[in-house]
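Here is a friendly briefing to read alongside your model. Have the sequence and the 3D view open as you go.

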Amino acid sequence: MMENFKIEPLKGYGDLLFGMPIDDVVEILGQPTNQEEIESAYEDDNHVVVLDYEDNDFSAYFEGNATMKLTNFYTFNEKTELFGAKIFDLNKEQLIELMKENGFEDYIEDKEDGDCISYDELNLDLYFDNNQLVEVFWECQRG
């Protein structure tokens, strides 16, 4: 069972670190609620496996061929923290201010695929509905 829900941009989520083998994550968290294989978004012929942990309201993405390594997270867990704040308690303006206070002022706002702000230097996407955070997606540093 996961107890640490702190986002560490470019590093991981709680005790789960980017680059961990899939077997290590399953050893820590137990069997996922659901497991799915999807096509990679990158043109490197990697396989992608998604492990869903519904009890913890998050999914972990793994990529690779011989060894599957942790590369991305998606969560809507209300206990999630970023820079010491429970981010699902904050509205969009408060989140932008939190990011600014921690040195991240540059973001891209995208309203085409829903209401999203992205911090490219952190590989972090924040999704909103009616000004409230509903989902967070972040990934490891690429290339």
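**Starting point: one asparagine**

The side chains of N72 and T71 are joined by a polar contact of 2.5 Å. A polar contact here is a pair of N or O atoms within 3.5 Å; within protein, one must be able to donate a hydrogen and the other to accept it, and residues adjacent in sequence count only if both atoms are side-chain atoms. This is a predicted model, in which local features need pLDDT of at least 70 and side-chain atom pairs count only at pLDDT 80 or more, while totals for chains, interfaces and linings use all residues. Residues are numbered from 1 along each chain as its sequence is written, and side-chain values use heavy atoms, with hydrogens and water left out.

**Around N72**

- N72 sits in strand 7; helices (H or I, at least four residues) and strands (E, at least two) are DSSP runs, numbered from the N terminus.
- N72 is buried, with a relative accessible area of 6%; buried means under 20% relative accessible area, exposed over 50%, and partly exposed in between (1.4 Å probe, protein chains only).
- The side chain of N72 also makes a polar contact of 3.2 Å with the side chain of E139.
- Setting aside residues up to four places away in sequence, N72 touches F18, S59, A60, Y61, E63, F137, W138, E139 and R142, where contact means heavy atoms within 4.5 Å.

- Eight strands form an open sheet in the order 4-5-6-7-13-12-11-10, with antiparallel pairing; two strands pair if DSSP finds at least two bridges between them.
- Strand 4 (34–39) and strand 10 (108–110) are the edges, each with a single partner strand, so one side of each has no neighbour in the sheet.
- From one strand to the next, the twist averages 20°; axes are lines fitted to C-alpha atoms, for helices over the stretch in contact, and angles run from 0 to 180 degrees between N-to-C directions.
- As background, strands of a sheet pair through backbone hydrogen bonds, either parallel or antiparallel.

- Strand 11 (residues 115–119) pairs with strand 12 (residues 124–129) in the antiparallel sense over five bridges.
- Across that pairing, D115 stands opposite F128, and I117 has L126 as its bridge partner.
- The hairpin of strand 11 and strand 12 has four residues between the strands, and N123 in this hairpin takes a positive phi near 50°.
- Strand 12 and strand 13 pair in the antiparallel sense over six bridges, with Y127 opposite E135.
- Two residues separate strand 12 from strand 13 in their hairpin, where N130 in the turn has a positive phi of about 55°.

**The two helices**

- Helix 1 (residues 22–29) lies across strand 5 (47–53), strand 6 (58–64) and strand 7 (69–75), and runs at about 5° to strand 5.
- Helix 2 (residues 92–101) lies across strand 10, strand 11, strand 12 and strand 13 (132–139), at about 0° to strand 11.
- Which residues of helix 2 are buried? They are K92, L95, I96, L98 and M99.
- G103 follows helix 2 and has a positive phi, near 90°.

**M68 in its loop**

- M68 lies in the loop between strand 6 and strand 7, and counts as buried at 12% relative accessibility.
- Apart from neighbours within four places in sequence, M68 is in contact with M20, P21, I22, H47, V48, V49, F62 and E63.
- M68 and E97 are 29 residues apart along the chain, and 36 Å separates their C-alpha atoms.

**Cysteines**

- How many disulfides does a search of the whole structure find? The count is zero, a disulfide being a pair of cysteine sulfur atoms within 2.5 Å.
- The closest cysteine sulfur to that of C116 is in C140, 18 Å away, which is too far for a bond.
- C116 is buried at 4% relative accessibility, and C140 is buried with a relative accessible area of 14%.
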